[in-house]
Amino acid sequence: MAILDFSYYIVLFLIAIIGLYRFYSFDKAAKLIYAIIMIGATNEIIVSIFKYKKMHTMVLYHFYCVIDFFFIILFFLNAIKSRKKHLYILISSIILPLLAILNIIFLQPINKFNSNVFILESFSVIGMSLYSLYTILIDERLTMVYKYPNFWFWVFFLILNSGTFFFWACIFPISKDKNLRDIAQNIQVVINIFIYIGFGFILFFYPKMVRK
Amino acid sequence: MNAQHAIIVFIIGSVILMLFAFTLVIFLIVHKKKRYQHLLEKQQMENTYQTQLLQSRLEVQEQSFKYFSEEIHDNIGQLLSLVKMQLYNIRNNSKEEEIITKATDCNELLGKAITDLRNVSHTLNSGFISKAGLAEAIEKDLEYIRSAKDIKCTLHRSGEEYSLGKERELLIFRIVQEAVSNAVKHAAPMAVDITLEFKPGAFIVVIADNGSGFDMGVDIKGAGIGLNNMQLRARLLNGALKVDSVKDKGTSVRLELVR
C-alpha cells in the first residue's frame, strides 16, 4: 500500500476514534460531518476489498456519490438552520438519485467513473459553502468566527472542493494517461489528508468550542 | 484538450480556486475581528457613558440630600429648639400643675423629635458620613430606626477595619440605608442585622431582616426604584449585589466588593 493511502487510512481511523469519543457532545450538524467522513471511510474500505478481489470498483462510486452528496446537503441545511429544511431534503432526495440514474443511462454507464456527479457535487458544495460563509458575514452577533465549529467545517468543505474540483472536471473525463491520473489522484489524497486532519481537530475540540 | 493541457488546467484551476477560498476565509476572519473590536469599543464607550450618567444622577441626589439635611438642621431644627425653649419657659413660669406636666411631656417629646431630626439630618449629609466613617454612619442610621420604629437593629463588624475611600463608603452607606429603609417600609421586621466583613481582599456587607420577605420569582420583577438604585450604586462600585428573599422568612441583601 502506498504511503499516501496508508496515511489517509490512519487519519480516517483517528477521526473515527475521535468521533466516537466526542459523539455525545456533538450537535446534529457535527454528527452529520462525522457520518459523512465515516461514509467516505467505509466506501474506501469497500473499494480496497473490491480491488483486492479484482472486482469492478466504479459501481461503488455511483452509490457513494449520491449518499455523500445527500448527507452534505443535510449538513448544510442543519448548520445554516434553514427554515425550509424539510422541503429541500425532499427535493434533494428525489433529484439526486434521479440525476445519478439519468447520468448512468445517458452519459456514464455503471462500469464507468461517474465524474459528472462528482463535478456537480463539488460545484454545489462550493456554492453551499460560499452561501454559508455569507450568512456568517451578515450575522452581526457572530464575531469570533474561528471559535465557531461550523465555520471551519464550511471552510474545509470549500477548500476541499476547490482543490479537487478540476480533478473531476479535467483529469478524469479527458485524460487517459495513467501516470497523469495517478499524479492527480495523489494530489487529491494529499488535500484530503490535510482537510480531514482539520475536521479531526475541530471534532476533537468541539465541546470546548461550543462552550465558548 | 490533450493530457498536458489537462494537467495545466487542473493545476492552475485548483490553485486559483484554493487561493480564492483562502483569501475569502482570511477576509472573513479579519472582517469579523475588526467588527468584534468595534463592538468592544462601542460597548466600552457605552459603559463609560452610563457610568458618567449614573455618577451625575447620584451627585444630584447627594446635593438634594445635603440641601434637605441643611434645611432640617439649620431651619426646622432651630425652630424646634426655639419651641422647646418656649415650652421650657412656659413650664418654669406656670403655676398650674396640669400645664407644667403637659409642658414637661411636650418638652420631652420635642427633645426626642429634635434628636431624631438631627440623626436624619446627619445620615442625609454626605459630609457627616465622610467624617464619621462608614460604621459610625450606619450606627447613626440604626439609632434613628431603633427610636422611631422600635425595631431591634444590630451592627456586627468582623475583621480589621480599613477605609474604602470617602466616595465608596458613601455609596455603600446609601445601599445599606436603602436596604434598611426597604425592610422597614415593606417587610415589617422585628429585627434588622447588618454585618460588615473587612476581609483582606474584599469587603462584604450583609443586611438581613426577619420580615415578611417576598417571592423572588414574582415580586423581584416589579422591584421598585429602591432596588434599582442599589443595583446602580453597586455597579458604580464594581461590586456584586445579591438579593435573597423567602416569603415570611425575611430578606438578605449582600454586597461584595474588591478592596
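Here is a short chat about reading the sheet in chain B and its interface with chain A in a predicted model.

Colleague: Before I look at details, what does the mean pLDDT of chain B come to?

Modeller: As a rule, where pLDDT is low, the predicted coordinates should not be read in detail. For chain B the mean is 84, and 95% of its residues reach 70 or more. The model scores are ipTM 0.74 and pTM 0.64.

Colleague: OK, the sheet. In what order do the strands of chain B come?

Modeller: Go across it strand by strand: S1-S2-S3-S5-S4 in chain B, an open sheet of 5 strands with mixed pairing. Its edges are S1 (152-158) and S4 (240-246), each pairing on one side only. S4(B) and S5(B) (residues 250-258) run antiparallel, joined by 7 bridges; there, Val243(B) stands opposite Val253(B).

Colleague: Now the interface. How many residues of each chain are in contact?

Modeller: Count both sides: 31 residues of chain A contact 24 of chain B. Together the chains bury about 2400 Å², 84% of it on carbon and sulfur atoms. Leu137(A), Thr143(A) and Phe166(A) lose the most area on the chain A side, together 22% of what that side buries.

Colleague: Which side chains form the salt bridge?

Modeller: Glu140(A) and Arg35(B), at 2.3 Å, N to O.

Conventions: Residues are numbered from 1 along each chain as its sequence is written. Chains are lettered from A and ligands numbered from 1 in the order in which they are written. This is a predicted model: local features need pLDDT of at least 70, side-chain atom pairs count only at pLDDT 80 or more; totals for chains, interfaces and linings use all residues. Side-chain values use heavy atoms; hydrogens and water are left out. Two strands pair if DSSP finds at least two bridges between them. Helices (H or I, at least four residues) and strands (E, at least two) are DSSP runs, numbered from the N terminus. pLDDT is the predictor's confidence in each residue, from 0 to 100. Contact means heavy atoms within 4.5 Å. Buried area is the accessible area (1.4 Å probe) that two parts lose on being put together, summed over both. A salt bridge is a side-chain nitrogen of Lys or Arg within 4 Å of a carboxyl oxygen of Asp or Glu.
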